[in-house]
Structure formats: structure tokens, C-alpha cells
Amino acid sequence: MARQKELTSGPALPLITRFTLPLLLGNMLQQTYSMVDAAIVGKFLGINALASVGASSSVIFLILGFCNGCCGGFAIPVAQRFGARDYSTMRGYISAALKITALLSVLIAVLTGLLCMDILRWMRTPDNILEGAYLYLVIIFAGIPCTFFYNLLSSIIRALGDSKTPFWFLLFSTALNIVLDVFCIVVLRWGVAGAAIATVFSQGLSAVLCYVYMYRSFDILKSTAEERRFQPHLAKSLLFIGVPMGLQFSITAIGSIMLQSANNALGTAYVAAFTAAIRIKMFLMCPLESLGIAMATYCGQNYGAGKPERIWTGVKVSSLMMLCYAAFTIMLLLAGARHFALLFVPPTETEILRDAALYLHVGSLFFPVLGLLCILRYSIQGVGFTNLAMFSGVAEMIARILVSLLAVPAFGYIGVCYGDPTAWIAADLFLVPAFCYIYARLKRRSGGATY
């Protein structure tokens, strides 16, 4: 039988490290697939096909980010009730989350599928890649239920302190995805549609296997008929936490869409450079994102257990880990950004390689700012203050919109390069005082304990 893990006792550094490592490996697998997917498309189908996939990336982040944010939010009450050892209520939350997810995922899939072409035109997608971008996007959106359920089930398992099992399912999904990518693109010659079909199928199969494993392996999840009954007050609590987290991702993505729209207007070559660079950047962001996700579970369990002093300790420990990684990444990208871009772009495309490297050089310098953002945002979400975390997304959105409307028309592609760093700074300017406010509330609630 699988074992759940409490994060409410013991030294914070080894606990957070052990919990983060499977998350990191899983995120790196996801981004490895994303990089391999783009590399296969770019090498076998050409620059226009690579741009077609990249032109819709921020739209995918808008929709799937909402889904993934909701899933993370739905898991927070599960982690809190698990930390409090209130297992009956925890099972009620899980049952309600599954029902809500079924309804939301179908509604979102239908709505986004109908609006695909309008969104791409609004983003000023170049005509020569519009058809490919639409085909890729509509297939990905049709598979939203698969993505939604996979992320929900993985989030629930992590809420129980098990970050290893989701990694193994993700490993299976990634390997299957890459094999299907090659088969659909190279053998069947389905073009960009083949890449999208491979993604949807592998995630759907992983979701089914994850569900079967979860209920067969965790005795703590075996529920009664009463616990499986839909309980409106639990559903309301889930939506109160999950929807703001989803909106936070979507609000952030709106700014990304504006920025990508401004970049799309610069031409196909810039779209291809942006696509290659963003794949590399997302891969190197994995440790920061993984550390943040670990902090959400860590803080959620300790909040439920009534141990706020451990939350502050966790934030300090994770910040030190983040700074060490950020220093390494800065040196790596400053030295080797162009070589990484060669994974996606032929060496003859010198301008695209130069622009991809420029994007990575600028972004890497601000990784400490991004790392602080991940730690504070997820920690705030873990203790249930999801509305405050959502407002940090609003700050990011405003910053990216201002860059896309003012800096990109004035300075061109260099403005695009500074879009994300500007947004990260804006978010931190909100998150730092927000965390201080929450910390003070937790301190008062715990009887004035000093940290």
C-alpha cells in the first residue's frame, strides 16, 4: 500500500528537499517533453510549424493554467484536513472535487474549442501559420478533461505527502508522449496535429491509471456512501479556494497573451525565436516552480496542524535553496544560451538563434525575483489566502500589458525580452507585503509565537 507523509514535524530542510525532488523531476520531465516536442516539430516540419505551435502557447497557458490552478486549489483543503487528521472531511472534499472537475472540464473544452480561431486572429497570428496554430490549439482544448483530471489526481496525491507517485505517472506519460510524437509526425505524417494528439492521448491514459492507483493503494481514501454524497458546503469551499487560484494563472496569462500578440506582430522569425527560448526558459524554471508547489503542500499541512512557526522556517529554507539554484542558472545561460537554442533551430538561422539567446540572457538575470515569487505565492495559497495570491497575478498582467503596449512598439524585440522580468518584479512588490500581513495574522492566531 502507498504511504501518505506528514510534513508537520522534523527539520524543514530535508523534508522540503525530499518532497521537492520528485516534483522537480516531474516538472523537468514535462518540460523535457515540451522541448522534445518543439524540437521534433522544428526539425521535421520546419520553422513555420514550430512557430504554429509557439503562436498558441500563451493561449494554452491561459486555459490550462486555469485548470491546473483550480486543481492545486482543490487540493489545499485536502492537505489542510489531512494535516488536522480530519480524514472524513478530507474524503468529502475529494469526492466534491471530482464532481466539480467533471463539469468544469467539459464546459471549458466546449467553450474554448468554439473560440479558438477568434482568439488566434485577435492575437495577430501571422497568416502563414494560422491554420497550423488553429489545428494544434483545437485538439489540445478538446483534451482539457484529460489534463484537468490528471492534474487534480496528482495534486490530491501530493496533498497526502506523496510526491513520488505522480512523478512515476508523469514519467510514463512523457515517454509515451515522445514515442507517439515521433510516430504521429514522422510515420503517420499528421503534422502539428500529430503533436497535439500525442499529448492528449498520453495525458488521458495517465489520468485513468492515476485514478485506479490512487483508490487501490491509499486505504485512507476508502470512503462511505455519505462521504461520497455531494455536499454543497464543501463544494463551495473548494470553489472559493480553487477558482481564485485558477484565475490567478489565467490573469497572468492574459498579460502573456498581450505580450505574445505584440511579438507575433514582429514577424514569424521572432515568433520562432520566442518559441525556442520559452521552451528552454520553462525547463530551467522547473526547480523554482517545484519548490513553490512543495511549499503549498508544506504550508497547507502545517496550517491545518496549527504550526505556523514551521511555515516561516520553510520560507527561509526554500529561499536559500532558490538563491543557490538561481546563481547556477544565470551562469549557465549567460555561457550557453545559443547552444541550447540549437536544439530547435538549424545553425543557419543565425538571427533566430541570436534573438533566442538574447531573450534567455535577459530572463536569467531575474531568476531570483522569479524564485521569490514562486515561494511566496504558493505559500500564501497553501494557507488558504488564494485571493491575495490572485492579486499578484493581476500585478503581473498589468505589467505585461504595459510592456506590450508601450515598450514593444517603441523598442521592438528587446521590449519582449523584458516583459516577463517586469511582471515578476510587479508581482513581488505585491507578494512581499502580502506575506508579511498573513504572517502577522498567523502569529496572532497562534498566541504570539515568535519565529
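Reader: Start with one side chain. Is E396 buried or exposed?
Author: Buried means under 20% relative accessible area, exposed over 50%, and partly exposed in between, with a 1.4 Å probe and protein chains only. E396 is buried, at a relative accessible area of 3%. Some ground rules come with that. This is a predicted model, where local features need pLDDT of at least 70, side-chain atom pairs count only at pLDDT 80 or more, and totals for chains, interfaces and linings use all residues. Residues are numbered from 1 along each chain as its sequence is written, and side-chain values use heavy atoms, with hydrogens and water left out.

Reader: Which residue forms a salt bridge with E396?
Author: A salt bridge is a side-chain nitrogen of Lys or Arg within 4 Å of a carboxyl oxygen of Asp or Glu. Here the partner is R377, with the closest N and O atoms 2.5 Å apart. R377 lies in helix α15 (residues 367-382) and E396 in helix α16 (residues 386-411), so the pair ties together parts that are 19 residues apart in sequence. R377 is buried too, with a relative accessible area of 7%.

Reader: How are those helices assigned, and how many helices and strands are there?
Author: They are DSSP runs, numbered from the N terminus: helices are H or I, at least four residues, and strands are E, at least two. The protein chain has 18 helices and 0 strands.

Reader: Back to charges. How many salt bridges does the structure hold?
Author: It holds 8. One of them joins D420 and R400, at 2.8 Å from N to O. D420 lies in helix α18 (residues 419-445) and R400 in helix α16, so this pair ties together parts that are 20 residues apart in sequence. Both D420 and R400 are buried. Shared partners then join K281, R377, E396, R400 and D420 into one network of salt bridges.

Reader: Which residue pairs with R91?
Author: E227 does, in a salt bridge whose closest N and O atoms are 2.9 Å apart. This pair links distant parts of the chain: R91 sits in helix α4 (residues 87-122), E227 in helix α9 (residues 225-228), and 136 residues separate them. R91 and E227 are both buried.

Reader: Now packing. What does Y298 touch?
Author: Contact means heavy atoms within 4.5 Å. Not counting residues up to four places away in sequence, Y298 touches L7, A12, I16, R310, I311 and G314. Y298 is in helix α12 (residues 286-304). Its relative accessibility is 1%, so Y298 counts as buried.

Reader: Where is S173, and what is it in contact with?
Author: S173 is in helix α7 (residues 164-187). It is buried, at a relative accessible area of 5%. Beyond its neighbours within four places in sequence, S173 is in contact with S202, Q203 and S206.

Reader: Which residues touch the most other members of the largest nonpolar core?
Author: A nonpolar core is a set of buried Ala, Val, Leu, Ile, Met, Phe, Trp, Tyr and Cys residues joined through side-chain atoms within 4.5 Å. In the largest one, of 70 residues, they are Y359, F367 and I380. Helix α13 (residues 308-341) gives this core its largest share, 9 residues. Not counting residues up to four places away in sequence, the contacts of F367 include K281, M322 and W424. Another core lies apart from it, with 60 residues, among them F82, I185, F218 and I257.

Reader: How much of the chain is buried?
Author: Buried residues make up 60% of the 451 residues in the protein chain.

Reader: And the overall dimensions: what does the C-alpha trace span?
Author: Along its principal axes, the C-alpha trace of the protein chain spans about 60 × 45 × 35 Å. As for contacts with a separation of 6 or more, residues 24 or more positions apart account for 84% of them in the protein chain.
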